[in-house]
Amino acid sequence: MDCMQTKNYPENNMLDVTENFDYSGQSEEYIKAYKKWRKNPDNPYAYNYIRNSNEITFSDSEGFIRTIPEEKEREVLTRVLYIFGTVLTLYLFTEFVISRIIVTLLDLIGINVHNSFLNYSFYGGQAEIMTVMIIVTLLKFCLPALILHKTIKMPVKASLPCRLQSSKDLFFCISLSLLVSVITSISRAYSDTTKEYFSFFNSYSTEISLLNQSELVIYMFFDIVIVSIMSEILFRGIIFQTLRQFGDLYAVIVSSVFSALISHDISMMPAVFAVSMIASISILRSGTVFTAISVRITNKIYLFSLTIIELSFSDMNIKRSYFMVICFLTSLIIAFLIWKTMDNKIVLKKNITTFLTARQKITMIFTTLPTFTVIFLCITIIATNIFI
């Protein structure tokens with residue numbers, strides 16, 4: 001049996017990754033809750049390495065060995081990626097498998113809703129379709145969020161910071177969201193999914209009359225507002241905040257990439273990624289998840305407006321072009337004016353590096369089975385949509 005002895009040099013040279021983290025720009029209640037969560041020694045998902053950098057351990061078989069923070073970081077990141085990959089796989093399973101089971105069961109008991117085996121669509125009555133889509137959407141967001149909350153045990157004050165630290169940053173990020181939405185929609189003005197939903201709910205009318213189509217009004221409110229809230233709670237909430245331990249830039253990129261991947265719409269993925277990046281950065285700048293939700297809602301309102309123009313006017317190309325130019329110039333002017341009066345801090349310069357290199361942390365995404373599974377499934381779905 002090895003005899004393990006620990007020796008400390010007299011110099012007080014402590015390394016505490018939690019205390020050395022830069023929390024500037026965030027509220028005091030967030031900082032307090034986040035630190036408390038990270039410092040819990042029984043929390044397997046918190047990177048809380050604390051050690052005297054001069055401390056060494058003697059092993060009879062290995063001699064003098066020095067514990068290193070890279071090992072602890074790799075261990076925690078592996079667990080985090082494993083649980084994230086698992087819940088995102090559940091997200092996809094709910095969308096493509098559980099939804100079919102629900103529709104099949106409803107069809108068997110005589111409810112007017114059916115599966116289409118040629119694509120991922122449902123068909124049937126308007127009210128029935130709307131109800132099924134709302135149920136499936138709630139399940140695919142709420143189940144992963146609930147599992148993450150119960151597993152990672154992050155306090156709500158840390159996972160969903162609510163206290164606004166800068167109103168200028170709020171409006172600046174919303175303006176950037178609209179600006180990016182216009183730029184990314186130049187070649188593709190709308191989402192296929194949004195167009196499909198609008199066409200279906202509006203199929204019994206030759207003119208737009210939202211007030212007379214309760215299903216369309218309800219579903220579009222649900223899609224623009226409720227889905228935006230649920231999406232940001234999941235991706236810019238607990239996923240983003242947990243990943244912050246491994247660097248803010250890493251958290252921004254990884255949460256945005258997976259947001260884009262699970263959209264499984266190759267034409268919309270660049271837009272989803274860009275808006276997700278702004279939503280992530282908005283939390284670092286403004287200190288609240290509500291900014292990220294506002295960014296997402298702005299993007300969805302813009303896309304929905306383009307869909308209405310696309311499907312409702314014979315001279316839609318001219319009207320769409322005018323609308324896009326107005327949105328672009330308005331958002332550009334507002335963003336510029338706010339930028340000239342605000343603290344032009346580059347938030348991604350904070351916490352940009354950790355003890356693992358960027359290459360090591362990215363490689364771990366592909367070597368962790370659940371996250372690799374999500375990537376594989378999303379690529380498979382995209383390829384199926386293209387070739388079938």
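Reader: Which helix is the place of Pro370 in?
Author: Pro370 has its place in helix α13, residues 369–387, where helices (H or I, at least four residues) are DSSP runs numbered from the N terminus. This is a predicted model, in which local features need pLDDT of at least 70 and side-chain atom pairs count only at pLDDT 80 or more, while totals for chains, interfaces and linings use all residues. Residues are numbered from 1 along each chain as its sequence is written, and side-chain values use heavy atoms, with hydrogens and water left out.

Reader: Is Pro370 buried or exposed?
Author: Pro370 counts as buried because its relative accessibility is 8%; buried means under 20% relative accessible area, exposed means over 50%, and partly exposed lies in between, with a 1.4 Å probe and protein chains only.

Reader: And what is Pro370 in contact with?
Author: Leaving aside neighbours within four places in sequence, Pro370 is in contact with Tyr82, Gly85, Thr86 and Thr89, contact here meaning heavy atoms within 4.5 Å. Pro370 and Thr89 are 281 residues apart in sequence, yet their C-alpha atoms are 7.3 Å apart in space.

Reader: Where do α2 and α12 make their contact, and how do their axes cross?
Author: The axes of α2 and helix α12 (residues 358–367) come within 10 Å and cross at roughly 35°, and the contact is made by Glu73, Arg74, Leu77, Thr78 and Leu81 of α2 together with Gln360, Lys361, Met364 and Ile365 of α12. Such axes are lines fitted to C-alpha atoms, for helices over the stretch in contact, and the angles run from 0 to 180 degrees between N-to-C directions.

Reader: Changing topic, how many salt bridges are there in the whole structure?
Author: A search of the whole structure finds 10 salt bridges, each being a side-chain nitrogen of Lys or Arg within 4 Å of a carboxyl oxygen of Asp or Glu. One of them joins Lys140 and Glu95, with the closest N and O atoms 3.5 Å apart, and this pair links distant parts of the chain, since Lys140 is in helix α3 (residues 126–152) and Glu95 in helix α2, 45 residues apart. Lys140 is buried, and Glu95 is buried too.

Reader: What about Lys300 and Asp223, where do they lie?
Author: The side chains of Lys300 and Asp223 meet in a salt bridge at 3.3 Å, N to O. Lys300 lies in helix α10 (residues 289–312) and Asp223 in helix α7, so the pair ties together parts that are 77 residues apart in sequence. Both Lys300 and Asp223 are buried.

Reader: Which residue forms a salt bridge with Glu232?
Author: That partner is Arg296, with the closest N and O atoms 2.9 Å apart; Glu232 is in helix α7 and Arg296 in helix α10, 64 residues apart, and both Glu232 and Arg296 are buried. Elsewhere, salt bridges that share partners join Glu19, Lys35 and Lys39 into one network.

Methods. Helices (H or I, at least four residues) and strands (E, at least two) are DSSP runs, numbered from the N terminus.
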